[in-house]
Amino acid sequence: MRALTLHLKILITLLVALGIGITAYQIFVLGIPVTEDETDDLWSIDAKVEFVANTKGPIKVQMFVPPLNQNFVSLNESFISNNYGVSVNRNDGNRRVTWSSRRAKGTQTLYYRLVMTKRYSGNGEQQAPAASGSIFREAIPMQGAEKIAAEALLSPIRQHSADVETFISEAIKRIGNPNDENVKLLLGGNASVSNKARIVESILSIAHVPLERVHTIRLTPEQLQQTPELWLRSFNGKNWLYFNPQTGEQGLPSDRMIWWHGDQPLVTVEGGKTESVSFTLNNSEINAIRLAQLTDQNTHAQFLDYSLYGLPLSTQQTYQIMIMIPIGVLVILILRNLVGIQTLGTFTPVLIALAFRETQLGFGIALFTLITALGLSLRSYLEHLKLQMLPRLSVVLTFVVILIAMISLFSHKLGLERGLSVSLFPMVILTMTIERLSITWEERGGGHAFKVAVGTIIAGSLAHLLMNIPQLVYFIFTFPAVLLVLVGFMLAMGRYRGYRLTELLRFKALLKD
Amino acid sequence: MFGLIKTWKALKAKGIMGINQRNADYVLKYNKRSLYPIVDDKIITKLRAIEAGIQVPQMYGIIETEKDIDRLREIIDGHNDFVIKPAQGAGGDGIMVIADRFEGRYKTISGRIIRHDEIEHQISSILTGLYSLGGHRDRALIEYRVTPDPIFKSISYEGVPDIRIIVLQGYPVMAMLRLPTRQSSGKANLHQGAIGVGVDLATGITLHGTWLNSKISKHPDTTNAVDGVQLPDWNGFMTLAASCYELCGLGYIGVDMVLDKEQGPLILELNARPGLNIQIANDSGLTWRTQRVEAHLQELEQAGTQETPAERVRFTQQRFGHVQPRN
């Protein structure tokens, strides 16, 4: 006996650990969302290039597009253009699209569209391109007053900084101060961001600190026309350090996406003029699981392959019902062995709960009660005829079918569409319920039969309610390993020896003295 | 909630056995599934008992097929009263008790006059499985009608009172007298409204009773006191019950017996899942007693000996008998 108990304990521990382990792996490692309501941002970015084509000669438009090895997953990318050849080439961490055409006339419009999401990109840090860059650069030659002003600025920067990081930060802050005479001289009246960046770059070059320009797009749901925002970055030997050229703040905010880096303009047009690029961002939310299925095709993460989501859609729907049956069974187990409610048969309430799916709860209970009551009266009439079991059951079943048909007809005439759902209400379940209830009635009396019937309805309703909580259905369908935990609990219940709740009432007489 | 916990603890302290504990610790542990047919089928029980020399109501005949029904007259020939039972019936269903013959017809115990073909229909219903557990085909058993000892006249209503003794591994641990009432329509089933009266294991004197889960001391129909009645031949009952372990091999059973006016204690049937109301009737918990027996069995096992039914009866009578009556 003891060995058996130990055996059981080990088995339960194993099952629960396995269930929790697999689920935790799915949630924390694979990142599968815990609720269905979880949504993810999906960004659709349009870059529209407009220019006026020269009347003669070939046209070649080159534009930077984001490199795809960043911390996002591209779901779709398209180049929309009429009569243009498209080619994309990579160069030094940038990607550039080239549209070319033999000839064109008037205003030309070209589109680039990227649909991307930040989720499911795996571990961004590891995915980032093996960071590389130079950590030394030659000083940019300067002359005269500029050189003196730069050097004058440099010495306090040196004093106020500890390393490359703070050095750059401090330099940007100094240049940002419009009251400084030296800064005024260096800027020469042009206080634009790009000019500031240029000055910062040349000052840092004196200290042999390399600096690179990065052009970013802001991922914001606000509908505004934006132009690429300039950021500066420097390589410290291990990572890229990003700086805001206005404030000197370090670190790239998470809503920025790098479009390209370097000093070249976003778009260059040969054979055209007055080119302009405008960006439009569109943010939509998408169900996290759907998104996962979409990204599945675009990334190496195939974590949904071996889940129930890998099944055909119609089969999935069946499984969403089937996988909840253990929950219903668990309800019955608890109600019978812990609470002590009496039900008809063992799993009849689960079948009734499944039947409630089609009729809705309130209507289902009304229907169940009505048909069972009518069936019982028929059954008690048949009792007088002293029929054998099988013919009697057949008569009851036929009667139930006729009853259901009549209820459907009436409710349809009355305009209650709900009544039509009855047609699929499992009548065999009803017949067996009537039969068993009437046997109980004869053997144990009406009071007991009523008690059992009410217990069955309660158990069935409870099971139905639990089996139809969408969040629970989603959770168990997505993390089926939870069922192992349930099995563990059921096994433990198999050796539960305590009182049932109703027994406390039943034996109460023993305590009165 | 707090009250429930208190009740729980009080019941535990009293050693009251719950259904879950009965199933897990006794029924599943001591009753081998393969032996169930012996107790579920009254015919097998009876044949086994006859083989072992244990007193049972005399069997007149068995009807197995529809064709056999023709043999009914032959079987009941020479018997004025008899009982027809389904072999695998539950809860006393489908039992027909014929008390007498009357002008070529039959008279049931309640005084109704029925024709011969009505009896045949009843047997036919039994054969189709109308009364059997799970609706399987069944056999009909025709046997001696027990006439209850007159001692029960004052404390029972119709029917035959029976004595239920719970037997663990051959040790009778608790006993109860079951008295039919008007509400139970002559049946001795507690959940149908019969009275259960606890019996002192040593003396065979009745204790207080239980009726529908509450304690009572008088029979609701005859208003006579049910306690303090000395059951005749009590040691005979105890030994009979104890020997049922060897008969069926099941370790935890309820033995149902009757006291016939002429033949004395007879075994009616065995039950592999005896109810728990016997605890209310005896105002005592089963767990406490079964654990004493289990401890005793362990001692015996270590000593490498076994006890005879008579020794087992003596053991439990000494340990659990001589209950002080409550005021």
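Which residue stands opposite B:Leu179 in E9(B)? Read on to the sheet view for that one. A quick note before the views: this is a predicted model, where local features need pLDDT of at least 70, side-chain atom pairs count only at pLDDT 80 or more, and totals for chains, interfaces and linings use all residues. Residues are numbered from 1 along each chain as its sequence is written, while chains are lettered from A and ligands numbered from 1 in the order in which they are written.

**View 1. The seven-stranded sheet of chain B.** Here the strands line up as E11-E10-E9-E8-E7-E12-E13 in an open sheet with antiparallel pairing. Helices (H or I, at least four residues) and strands (E, at least two) are DSSP runs, numbered from the N terminus, and two strands pair if DSSP finds at least two bridges between them. Strand E11 (214-216) and strand E13 (264-271) sit at the edges with a single partner strand each, so one side of each has no neighbour in the sheet. On average, neighbouring strands are turned by 30° against each other, direction ignored. Zoom in on E8 (residues 171-179) and E9 (residues 195-199) and you get five bridges, in the antiparallel sense. There's the opening pair: B:Leu179 stands opposite B:Ile195. Helix H7 (residues 234-248) of chain B packs on this sheet, touching E7 (162-168), E8, E12 (252-260) and E13, and its direction makes about 40° with that of E13(B).

**View 2. Strand E2 of chain B and its two partners.** Four of the five residues in E2 (residues 82-86) are buried (20 or more other C-beta atoms within 10 Å of the residue's own, with C-beta atoms placed from the backbone). Three bridges tie E2(B) to E3 (residues 96-102), running antiparallel, and B:Ile84 has B:Met96 as its bridge partner there. E2(B) also runs antiparallel to E6 (residues 140-143), through four bridges; in that pairing B:Lys85 goes with B:Leu141.

**View 3. Helix H9 against helix H14 in chain A.** H9 (residues 325-339) and H14 (residues 446-467) pack at about 140°, with their axes 9 Å apart. Axes are lines fitted to C-alpha atoms, for helices over the stretch in contact, and angles run from 0 to 180 degrees between N-to-C directions. The two helices are therefore oblique to each other (under 35 degrees is roughly parallel, over 145 roughly antiparallel, 65 to 115 roughly perpendicular, the rest oblique). Their crossing is right-handed, meaning the near helix is turned clockwise from the far one by less than a right angle. Among the contact residues are A:Val331 and A:Leu335 of H9(A) and A:Leu462 and A:Leu466 of H14(A); contact takes C-beta atoms, placed from the backbone, within 7 Å. By class the contact has nine nonpolar, one polar and no charged residues. Ala, Val, Leu, Ile, Met, Phe, Trp, Tyr, Cys and Pro count as nonpolar, Asp, Glu, Lys and Arg as charged, and the others, Gly among them, as polar.

**View 4. Helix H10 meets H14 in chain A.** The axes of H10 (residues 348-359) and H14(A) come within 8 Å and cross at roughly 55°, which makes H10(A) oblique to H14(A). This crossing is right-handed. H10(A) brings residues including A:Ile352 and A:Phe356, and H14(A) residues including A:Gly460 and A:His464. The contact splits into eight nonpolar, four polar and no charged residues.

Definitions and conventions: Two residues are in contact if their C-beta atoms, placed from the backbone, lie within 7 Å. A residue is buried if 20 or more other C-beta atoms lie within 10 Å of its own, exposed if 12 or fewer, and partly exposed in between; C-beta atoms are placed from the backbone.
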